[in-house]
Amino acid sequence: MLRLPKFEVKNPATVEEAVAMMMEIHGEARFLAGGTDLNPNMKHGLFTPERIVALGGIEEMFGVGFDESGNARIGAMVTLAQVEQHPDLRRAFPALCQAAKLVSSPQLRNMGTLGGNVMLDTRCQWYNQTYFWRNALGYCLKKDGSKCHVIEGGSKCVAAASNDTAPALMTLNAELEFATTSGRVRMPLADLWQADGIWNKKIPHTDLLVALHVPKPAAGSRGAYGKLRDRGSIDFPLFGIAVRLDFAADGSISDAALCAVALQARPWPLKKAAELLIGTHPGQASFNDAVEKVAMLAAKQCRPMPNIPGDHEYRHLMVPVYTRRTLHAAAAGEGPVHHI
Amino acid sequence: MAARDQHGSEAPWDQGFRVIGKENRKVDGMAKATGEAIYTDDIQLPGMLHAKMLRSPHAHARILSIDTSKAEALPGVIGVLVGAELPVRYGVIPWTPDETALAVDKVRFIGDEVAAVAALDEDTANAAIRLIEVEYEILESILDAEKALITPEPPIHEDRKRRDNISKHVELEFGDVEAQVSSADIVVEEDYSFHSTTHAAMEPHCAVAVANSDGRLTLWSSTQITHYVHRALARVLQLDPARIRVIQPCLGGGFGGKSDPFSLEFVVAQLAIKTGRPVKMLWTREEVFYAHRGRHPMKMHYRTTAKADGTITGVDAKLLIDGGAYSSFGLVTTYYSGQLLTGPYDFPNYRFDSTRVFTNRPPNGPKRGHGSVQPRFAFEVQLDEIAQRLNIDPIEIRRRNFLGAHTETVNGQRITSNGFLECLQEVEAASDWKARHGKLPHGRGIGVAGSMYISGTNYPVYPNKMPQAGVQLKIDRSGLVTVFTGGNDIGQGSNSMVAYLVAEELGIQPSHIKVIAADTDLCPVDLGAYSSRVTFMVGNAAIDAARKLRHKLVEAVAVAWDVAQKDVRFMDGTVVDLSAAARSMTHVEAFHLAEEMFDTLGSTGAYNTPTLGGDYRGGTIGSAPAYSFTAHVAEVEVDTETGRITVHKVWAAHDCGRALNPMIVRGQIEGSTYMGAAEVVLESHDLNRFGLHAGPSLLDYRIPTAVDTPELAARIIESIDPEGPFGAKEAGEGPLHSTIPAIANAVFDAVGIRLRHLPFTPAKVLAALRAKEEQA
Ligand SMILES: Cc1cc2nc3c(=O)[nH]c(=O)nc-3n(C[C@H](O)[C@H](O)[C@H](O)COP(=O)(O)OP(=O)(O)OC[C@H]3O[C@@H](n4cnc5c(N)ncnc54)[C@H](O)[C@@H]3O)c2cc1C
Ligand code: SF4
């Protein structure tokens, strides 16, 4: 078995304590939620924190609630299994629950949290490997080395955002509530990302994600998530696409959002493509034509790279297929789009 | 010797079978289900050290120097070992000893073992191996088999007689294949390839050693062949084998991946001697991927000639086998790649030309269906193509070419029982073949394939005339019978099989049998769990031993009752007098009577194969005392937009002789079929452009999960072999073979593309579909 490095573990009871514990030591400290990403990464020597701040004792970070207007607050420590099975969330945010359901395996969804999924490290076949393996390779830019093996000669890491729920939350205009040393900060999820695979977030890793706020969906809003992967379980996405469709009273699409993942460092919103859908009627030619156009445009805008395992040219061929299928599923109130 | 005795395939008492053929529990089922079972890694000994391996980061390099001083100086490090301390070469095949416990002068693939450290705990050992400084001279590496075939430079193994990178070449011809070409009604000639896959057994390799002050060494190891490990240890450590004890604890799966002697076994043994303390080494999953010994990638060219009615007239094969860095079982693999194809169909003329080369890749070896799964794939796809071109039903063409029972193959293999036609009939009926083949909607299809496999081999890896399997029985006054067998139960249930056979033969209940297995101090030699030999050979040895004992038991009771021996019957632990219905005793009382009469009771039994095989060099390799036969029908769906193949259902009918325990046989058929399906659509043991394993983890090596597994319908065909134990043959490897071509042929039925190069990734399917559209 691979061994974990040595570290101390702190168990704060409040958000403020947690943030303070992160800041009070010189060396690196890391938050631990479900540990399903952090533990393997530590075993691979990708992180060697001196301190782990375990979040399991902070009550504020648990639970799902809705305010009077119907906006949801999901604690960052809510597990993916809870998200997937929550009846109100399923009704309001189908794409999110479908995405949560397709993360890894039942066991990992029982441990893995929504907050951990949003904060997931980016992934790359040259990076998510053991110390021995990376040493034999000569390391890479993201960790311990100076070269990128995806873009040879490249100076920027393009490791892939691989969190399934992120694109779904993006289409839902979710906002994040962070606790920082200077107090609480709320920011749209769309503003979190930066195009750097080494650290793809604009906030430091010492900021604590406390909860996610997802605004009440428009009446009759629908959504779906499509995920390409090799197996019917466990595997990270080789391509993922989330869709939200809002409808006017006449049944035409009044607003739409699309966001893809597993391409490069950040989730990839497809705004122009989504606009093509507005005004079209599912069930009518206008919608079908628009879907074809959206699929073509998605194929242009989404360029999978050989960062994660698998044949990236094949992944590219699947962009329009999964985009089209997921749009049809969303329109029909179905989904997820997945081969099993 | 009992070797060539025939025990008969019928029930030993004329009351039918009482144990055999019933769905009895495995003897270790409860222990495994509850977690009581002791695996090698469960062994904890006082003062035990933990060892770790330093591995090569280079695919091919010369070792110029190794400096272990920093590692030795690390507090907590107790022992360090380098290759120069164990320079004796070994290899599971004694003719090709090209491995050393740790690299002596060269490393030959990324992951090759270089040095080892034993420390108080794993973290210290891990820290210490990073402190070992190795100076390498990097050599050009050869990652491609085609290149290895033509480039002698650089030689991956120097100081061999051959100055090239060819590990083994075999060319054999039976009849005249060339002469068939001009007279054939149809000639189909194509290239095929099989990729690299690995075993992915649940338990990673682990070994624990203790060296006692009296010079005795004990090794517990997760091996499938205790006897060969025993021999290899004696050779490499240069110890008297009488002072070495090798024990195989409960094993978490092997599938061929634990058949070679492995580096860690020598290393823990030598470190235990060096430090005077017990030493354990448990490999990580990543290390298991490097140790590999998995399915050999093969590039195969087949040309089959046939008459218009589908009768095969000749088969000509040329195979290039990627051996990876070491010989392992490669000599056998090279023969098997040709020798095992000559059934279940009659080949009047056959030729194969197989070459195994060395490359700087993790060494290949035996994986379930050793050496013959790859050719079987190619040939069965080719046969399907012949059927299609001649407009003959694919099942019908297989029937027409049936080899028959009690016959001989073109290469001189003796065939005894053969239930292949029944297998075909079973899958034909179960899949509703006639109504569905060629008639399902576009995108959905069914395909068939057949195969044959050895039930043991009469080729012991080192030449000797001693029995290939031995069993010893000991009787206790409590009524317990202890069976000692060198056979390795690797999860396939061989200990249970032995218990059932002895219970049946003695007329007692399996709960009164205890099996002690795979301990070289206690158990008679068996050659181990490979080549699907254990049921056939150990089973026959067990019956042999039990029958001798039974004669004594019956005699003692007959004398006590003063009746004829034929009137004494043992039945489920009760002894009854057939001449006087009211009289009976327990088997325990019978044991006492027999002990009074014969003194301490025990017996031994053995098995050796009859003389088999063709009279030519290599003629015995691949000749088995019996062969199993299989037919598969697979049903697939092809998504023509994504290229993904979904295997919905596989019907597998397997002729295992008599099913000693149908539940275990079905488990083997299902497990084999699952594994075969996985090799078609998911698994790939790949290297990247640097020669590094592309993903040595169970996340990146995609074994199917429960939801990826097709529905499996296992059907047992019982041909009852005249020489098998109560008529049994094998079930562990045969049922893998035809899964793969059946899926390939189903894809053709579904969408009309012939896929000849494994694995069938969605991208390949899409490319083939596109090529077909362009042709049309
Ligand atoms: C075999 C396997 C398969 C997987 N497959 C998938 C998949 O298909 N799709 C997918 O999306 N993921 C997958 N994962 C990754 C992981 O299981 C999920 O992303 C999960 O949601 C992570 O949540 P966690 O609570 O376990 O995170 P952790 O491992 O605890 O944390 C992940 C990271 O986020 C940080 N973090 C956690 N919580 C917070 C917080 N509240 N505030 C700030 N930082 C925080 C941690 O410090 C760490 O860096 C897989 C993992 C494994 C091991
Ligand atoms: S993209 Fe991959 S190889 Fe390149 S720097 Fe990032 S992690 Fe390393």
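These notebook entries record what I looked up in a predicted model with chains A and B.

**Entry 1. Chain B as a whole**

I began with the secondary structure of chain B and noted 20 helices and 28 strands. I then turned to its radius of gyration, which is 27 Å, close to the 28 Å that the globule rule gives for 776 residues, so chain B is as compact as a globular protein of that length. Along the principal axes, I recorded a span of about 85 × 75 × 50 Å for the C-alpha trace of chain B.

I next looked up burial and found that 65% of the 776 residues in chain B are buried. The accessible surface of chain B is about 26,200 Å², and 51% of it belongs to carbon and sulfur atoms.

**Entry 2. Chain A as a whole**

I repeated these look-ups for chain A. Its secondary structure consists of twelve helices and twelve strands. The radius of gyration of chain A is 20 Å, which agrees with the value near 20 Å that a compact globule of 340 residues would have. I recorded a box of roughly 60 × 50 × 35 Å along the principal axes for the C-alpha atoms of chain A.

Of the 340 residues in chain A, 57% are buried. Among contacts in chain A with a separation of 6 or more, I found that 63% are between residues 24 or more positions apart. Chain A exposes about 13,500 Å², of which carbon and sulfur atoms supply 53%.

**Entry 3. Where the chains meet**

I then examined the interface, in which 37 residues of chain A are in contact with 41 residues of chain B. The two chains bury about 3,100 Å² between them, with 53% of that area on carbon and sulfur atoms. I asked which three residues supply more than any others of the area that chain B buries against chain A. They are B:Glu641, B:Arg644 and B:Arg702, which together supply 19% of it.

I listed the residues around ligand 2 and found chain A residues, including A:Cys124, A:Cys140, A:Cys148 and A:Cys157. The list also includes A:Trp126, A:Tyr127, A:Lys142 and A:His149. By class, I recorded ten nonpolar residues, one polar and one charged in the shell around ligand 2.

**Entry 4. Two loop residues of chain B**

I looked up B:Val410 and located it in the loop between β16 (407-408) and β17 (414-415) of chain B. Is B:Val410 buried, partly exposed or exposed? Its relative accessibility is 24%, so B:Val410 counts as partly exposed. Leaving aside neighbours within four places in sequence, I found B:Val410 in contact with B:Phe174, B:Thr342, B:Phe347, B:Pro348, B:Asn349 and B:Tyr350. From C-alpha to C-alpha, B:Val410 is 9.8 Å from B:Gln339, while the two are 71 residues apart in sequence.

I then looked up B:Gly47, which is in the loop between α1 (29-34) and β1 (49-55) of chain B. With a relative accessibility of 38%, B:Gly47 counts as partly exposed. Not counting residues up to four places away in sequence, I noted that B:Gly47 touches B:Arg277 and B:Pro278. Finally, I recorded that B:Gly47 and B:Gln339 are 292 residues apart in sequence and 50 Å apart in space, C-alpha to C-alpha.

Technical notes: Residues are numbered from 1 along each chain as its sequence is written. Chains are lettered from A and ligands numbered from 1 in the order in which they are written. This is a predicted model: local features need pLDDT of at least 70, side-chain atom pairs count only at pLDDT 80 or more; totals for chains, interfaces and linings use all residues. Side-chain values use heavy atoms; hydrogens and water are left out. A residue is near a molecule or strand if one of its heavy atoms lies within 4 Å of it. Ala, Val, Leu, Ile, Met, Phe, Trp, Tyr, Cys and Pro count as nonpolar, Asp, Glu, Lys and Arg as charged, and the others, Gly among them, as polar. Helices (H or I, at least four residues) and strands (E, at least two) are DSSP runs, numbered from the N terminus. The radius of gyration is taken over C-alpha atoms; the globule rule is 2.2 Å times the number of residues to the power 0.38. Buried means under 20% relative accessible area, exposed over 50%, partly exposed in between (1.4 Å probe, protein chains only). Accessible areas come from the Shrake-Rupley method with a 1.4 Å probe; for residues, only the protein chains shown count as cover. Contact means heavy atoms within 4.5 Å. Buried area is the accessible area (1.4 Å probe) that two parts lose on being put together, summed over both.
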